[in-house]
Amino acid sequence: MEEKAIIVQLKDGNHKAFEWIYTTYWSQVYNFCRLYINSIEDTKEIVQQVFVKIWETRAFIKEEENFKGFLFIITRNIIFNQSKKKFNEDFYKLSVLNAYSSSDIQTEHGIEEEIEVAQLSEYINQLIDNLPPRQKEVFLLSRKSHLSYKEISTRLNISEKTVEHYISKAIKHLRQNIQLILIFLAC
């Protein structure tokens with residue numbers, strides 16, 4: 001069947017036409033994503049988002065235009081948005097952890113900023129105190145003692161994967177709870 005006819009059927013909501021497009025283009029979209037995304041799971045998630053977007057925007061697809069080009073523009077945009085989101089999350093994590101790791105408040109900040117940093121640091125300390133004991137120990141060895149995952153795993157006689165898991169969970173806990181105090185401090 002000709003691709004233009006399939007696009008027309010897709011626009012009409014035909015699931016078989018969508019399946020054909022999915023089957024035909026899945027590996028190409030996947031391979032394109034792998035050029036930019038290292039994680040296989042993230043790649044699969046992006047590919048799924050691409051085809052969901054195709055289905056959601058099917059009414060706007062023009063059968064006379066290059067569908068493959070349209071498909072890769074959507075893919076590129078989703079990769080870009082995902083990368084931007086990941087960059088912002090990583091920057092946010094780094095900012096929070098730097099605020100926590102910084103043991104002394106710099107004097108060039110105004111008094112209000114010093115109070116905000118002190119409040120944030122105190123709140124982060126409370127959040128860390130609420131972590132499960134082993135998770136807290138691993139997190140503090142990493143962030144306060146600046147030990148590597150390997151050094152922590154040797155010291156505590158646990159695997160590096162376990163260390164990574166504890167730190168990841170601790171950061172997730174901090175990120176989920178820190179937003180509340182940041183909103184409060186912004187007021």
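Guide: After H1 comes Gly13, with a positive phi near 90°. The model is a predicted one, in which local features need pLDDT of at least 70 and side-chain atom pairs count only at pLDDT 80 or more, while totals for chains, interfaces and linings use all residues. Residues are numbered from 1 along each chain as its sequence is written, and side-chain values use heavy atoms, with hydrogens and water left out.

Within H1, the buried residues include Ile6, Ile7 and Leu10; buried means under 20% relative accessible area, exposed over 50%, and partly exposed in between, with a 1.4 Å probe and protein chains only. These three lie on the same side of H1, because they cover an arc of only 105° around the axis, taken from the directions from the helix axis to the C-beta atoms. An α-helix has 3.6 residues a turn, so residues three or four places apart point the same way.

The partner of H1 (residues 3-11) is H2 (residues 15-34): their axes come within 8 Å and cross at roughly 130°. Axes are lines fitted to C-alpha atoms, for helices over the stretch in contact, and angles run from 0 to 180 degrees between N-to-C directions. H1 and H2 are therefore oblique to each other, given that angles under 35 degrees count as roughly parallel, over 145 as roughly antiparallel, 65 to 115 as roughly perpendicular and the rest as oblique. H1 contributes Glu3, Ile6, Ile7, Gln9 and Leu10 to the contact, and H2 contributes Ala17, Phe18, Trp20, Ile21 and Tyr25; contact means heavy atoms within 4.5 Å. By class, eight of the residues in this contact are nonpolar, one is polar and one is charged. Here Ala, Val, Leu, Ile, Met, Phe, Trp, Tyr, Cys and Pro count as nonpolar, Asp, Glu, Lys and Arg as charged, and the others, Gly among them, as polar.

Of its 187 residues, 29% are buried. Among contacts between residues at least 6 apart in sequence, 60% join residues at least 24 apart.

Key. Helix = DSSP H or I, 4+ residues; strand = E, 2+ residues; numbered from the N terminus.
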